[in-house]
Amino acid sequence: MAPDFVEEFGQVLERMREVWLAPNGQPFVIAGSGTLAMDLAVANLVEPGDKALLINTGYFSDRMGAILERYGCQVDQITASVGERPTSEEVRDALSKQSYKLLAFTHVDTSTGVLGDAKGWTQLAREAGTLSILDGVCSIAGEELRQEDWGVDVALTASQKAVGVPPGLALLVASSRAMDAFRTRRHPVSNYYADWTNWLPIMEAYEARKPAYFGTPAVNLILALNVSLAQILAEGMEQRFRRHREMSQAIKEAVTELELSQVPTKNEFAASTMTAPLYPEGVDASLIGHAKEAGAIFAGGLHPQIKNKYFRIGHMGITDSGEVLATISALEKGLKKAGYNFEPGRGVAAAQRILSG
Ligand SMILES: *Cc1c(COP(=O)(O)O)cnc(C)c1O
């Protein structure tokens, strides 16, 4: 209720529209993790018996499928082999065979580093009169996203990834089409905490600089979010997209120079917020421990089919050249310790060529 907090929360909501590039969207900020943001999107848009098409590119797509089914949705899935993504033709084809209320997909698949064709798939959904949900937990505020231009209906994320805030906030922006679909529901939302009926008046009140209560807001995190959103906008969205692409290219060139392959089979659909290299011949997950000693924390594999064959490097948010070089240096030290035969410095030099280009 404190006036200074009311002002900051109001700013957060306004700034989210700018970061999402959705000037007419409705932002929601609710305490919880990214999974709550997925739950919010589905609970408010799906009614029992609705049909959804899910483009499944990995671990978090599986989760989206489970959430859709939990709310009584019939789910059809399009899949691709690990490291690939379905083609536009496959998506167009599936959308033309049936009438779907929703298309759901993961923008950056955190388990593979595969980048979804957010613009193209959303366009196909629009042409079919289908709403779209973009899981942007590993992408928003790093990967290029133009929610309104592209026509994405719900673009969701969490505070702790490319937005760069401690974990604990579910964030999403809903289009006016999504809000219309919500307002014209035939059944009440079957999740009490997630129901926009409860939260919409709260978001509207704070944006009008009036306090309102449904559930206690996560005050400390909302203050942190406001700081981060201001930093993101001070950098500017275009520059932010460019920087993420450049840092990513430096990491990927270094990894390639060290003769490590990557999970995404083509560079054109490799994410710019993370890199997923495969362990080279003779090297195993002990690399992660060695790299940690050298100062970089890598994540292990997540996709069940290839879990022990690869690792993941996150480079989203504030990642800069210095961190990229330190990370590649630690990777090289880790590889050396793991017994890999290569010429030290090659990866660092490749990254530096991109960064000084
Ligand atoms: C991390 C992540 C989630 C889940 O977010 P939590 O905050 O861990 O609940 C969902 N989708 C994607 C793509 C993610 O990367």
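How far is an oxygen atom of the ligand from an N or O atom in the side chain of Thr110? The distance is 2.4 Å. Welcome to a predicted model, in which local features need pLDDT of at least 70, side-chain atom pairs count only at pLDDT 80 or more, and totals for chains, interfaces and linings use all residues. Residues are numbered from 1 along each chain as its sequence is written, and side-chain values use heavy atoms, leaving out hydrogens and water.

**Around the ligand**
- The ligand has 13 residues around it, and Ser33, Thr35, Thr110, Asp135 and Lys161 come nearest (a residue counts as near if one of its heavy atoms lies within 4 Å).
- Ser33 has a side-chain N or O atom 2.6 Å from an oxygen atom of the ligand.
- For Thr35, a polar side-chain atom lies 2.6 Å from an oxygen atom of the ligand.

**Helices 10 and 12**
- Helix 10 (residues 237-257) packs with helix 12 (residues 321-337) at an angle of about 20 degrees, and their axes are 10 Å apart.
- That makes helix 10 roughly parallel to helix 12 (angles under 35 degrees count as roughly parallel).
- Met247, Ala250, Ile251, Ala254 and Val255 in helix 10 meet Ser321, Val324, Thr327, Ile328 and Leu331 in helix 12, where contact means heavy atoms within 4.5 Å.

Note on methods. Axes fitted to C-alpha atoms, helices over the stretch in contact; angles between N-to-C directions. Helix = DSSP H or I, 4+ residues; strand = E, 2+ residues; numbered from the N terminus. Parallel < 35°, antiparallel > 145°, perpendicular 65-115°, else oblique. Polar contact = N/O pair within 3.5 Å; in protein donor to acceptor, adjacent residues only side chain to side chain.
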